[in-house]
Amino acid sequence: MWFDHLSVLFDMGGTVSFAVSGALAAINRRLDPFGVIVIAFVTAVGGGTLRDVLLGDTPVGWMRYEGITLLIVLTATVTMFMKRYVERLRITLLLFDSLGLGFFTTIGIEKGMAYGLHPGICIALGTMTGCFGGVIRDVLLNDVPVIFQRELYASVCIMGGLLYYLLKSVAVLAPVAGILTIVFILTVRLLAVRYKLALPKWYV
Amino acid sequence: MWFDHLSVLFDMGGTVSFAVSGALAAINRRLDPFGVIVIAFVTAVGGGTLRDVLLGDTPVGWMRYEGITLLIVLTATVTMFMKRYVERLRITLLLFDSLGLGFFTTIGIEKGMAYGLHPGICIALGTMTGCFGGVIRDVLLNDVPVIFQRELYASVCIMGGLLYYLLKSVAVLAPVAGILTIVFILTVRLLAVRYKLALPKWYV
Amino acid sequence: MWFDHLSVLFDMGGTVSFAVSGALAAINRRLDPFGVIVIAFVTAVGGGTLRDVLLGDTPVGWMRYEGITLLIVLTATVTMFMKRYVERLRITLLLFDSLGLGFFTTIGIEKGMAYGLHPGICIALGTMTGCFGGVIRDVLLNDVPVIFQRELYASVCIMGGLLYYLLKSVAVLAPVAGILTIVFILTVRLLAVRYKLALPKWYV
């Protein structure tokens, strides 16, 4: 019962996080209001849409629950009026982007498990769910995709996915495992950016 | 009866418009003949393919009606032989791109309604149907996506979608509403480019 | 019987080829180990995933056969340890990319035929299957897509597809036709790059 509520909360959290992240990136590139809403929308639903399309769960999620679209439009509009944060765009963008990453990675893995897929596939699915929204945002704005930047990104999703599996295999409840995973992904990503942490690249 | 014929005409109009737009952009970037055909094809079917995939209506449209592929190959080939227009590429490109935008936005909304989706979702679907062909063309040619440029683009789709809904809600016949919407999108986009119209960006 | 084995071999050949091609491109752009694995994965499964999604054959292939993911992770890891090839990246990248192109074009056409699609559609499907993995790799790494470069690329797929059809229409066995097509695509692409062969562009 409260499981489902938490799951909805996770989905809303990821949606708002990525919508803010998309809207800020679009504002930063001086798109007009409708353009800001479109980029916020694509960023927020991109990962989940890819997940649903790959699983064949269509019409995809945001088509069936119109509340998601409303939430994104509201979030993007509110973001456009929050001028006082414009100066701190980089930190805010990073924070929301990392939060969305955590939310959606967890949701993606959980849905893969509901389809009875192999653990490795679930982690791959979670990573694509988490990363694709940001990637499509960057591609549409013609930025270098965040996934390509020096700091940990896809790596954090994969490590977060492994943690989620580890926690559930030692019988930690799904919502607790989810929250721990989100905190883990957020923390590691922020630390990675702050201290310029990176995995060794022995092959370069 | 004549509704269906007009719908097919709309689809062909959008396909030809976007195929020309894609072929011209590819010619402009000096791709070889097969490359021109590939870009024309992706530009023309990109939006409808995304729409069908998101709705789960597979195999997607162009796979079931091979005439569409033939039409695109013919259009791209004819475009390659129309040397006399090479000097006027920018205006022609803009005109065909705007026409395709109008055709496909209308078709996308109509198909969303056939699936019984919420009006807001239908407009979002129409916008994605209209914009995605051009976006994928720009991404493949490594241009800055048109959606990101200063003039109205996605905005025009959304406004056109709202108009289409308004017209149908006051009992205007579908084909009439469609033609008015296409004319509206074409006019607004051309005016926007000509007079550099843009929505206010109070948040910049 | 041995047909199916050869088909699996083709699929594995294409997967390994594209995984190596993706891993090398990612190493070249100094991504971290997980980033290398992600790009290898997307490059290898991108084409087949697009094919399955467009056909509505979901959950897509790599979700049902977890061995593919394992194969890609292993290939990417081995590639990362093959330091001695780093100096010859360009030739190796080209070779593996061309091989993957041949494998996947053939598989794409074959699957389109299994769905009873029109020959022209099958060739289009094969071309998209072959090209999309490399395109998504280039887009994610913010390179100019290979499809856009001067040498033959999509053209080779389309010509290879026509050859495959021609061979099968004169009753050549599927695996023989497949091997001939792969050799044809590999040879033409390597010759095209070596001698800067290109189709005439009368419209430029």
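**Entry 1: the model.** I kept in mind that this is a predicted model.

**Entry 2: T49(A).** I started with where T49(A) sits, and found it in helix 2 of chain A, residues 33-55. Is T49(A) buried or exposed? Its relative accessible area is 11%, and the cut-off for buried is under 20%, so T49(A) counts as buried.

Next I looked up what touches T49(A). Setting aside neighbours within four places in sequence, I got V60(A), W62(A) and L54(B). With W62(A) there is a polar contact, side chain to side chain, at 3.1 Å. A polar atom of the T49(A) side chain also lies 2.6 Å from the backbone oxygen of V45(A). I checked T129(A) too: it is 80 residues away along the chain, yet its C-alpha atom is 8.2 Å from that of T49(A).

**Entry 3: chain B against chain C.** I then moved on to this contact, which takes 28 residues from chain B and 29 residues from chain C. The buried area came out at about 2700 Å², with 76% of it from carbon and sulfur atoms. I looked for salt bridges between the two chains and the count was zero. Residue pairs in polar contact number four, both residues at pLDDT 80 or more.

Which helices of chain B supply at least two residues each to the side that touches chain C? I noted helix 2 (33-55), helix 3 (61-64), helix 4 (66-81) and helix 6 (119-140). Helix 2 of chain B gives the largest share, eight residues. By type, I wrote down 18 nonpolar, five polar and five charged residues on that side of chain B.

Key. Residues numbered from 1 in each chain as written. Chains lettered and ligands numbered in written order. Predicted model: local features only at pLDDT ≥ 70, side-chain atom pairs only at ≥ 80, totals over all residues. Heavy atoms only, no water. Contact = heavy atoms within 4.5 Å. Buried area = accessible area lost by both parts, 1.4 Å probe. Salt bridge = Lys/Arg side-chain N within 4 Å of Asp/Glu carboxyl O. Polar contact = N/O pair within 3.5 Å; in protein donor to acceptor, adjacent residues only side chain to side chain. Helix = DSSP H or I, 4+ residues; strand = E, 2+ residues; numbered from the N terminus. Nonpolar A, V, L, I, M, F, W, Y, C, P; charged D, E, K, R; others polar. Buried < 20%, exposed > 50% of the residue type's maximum accessible area, 1.4 Å probe, protein only.
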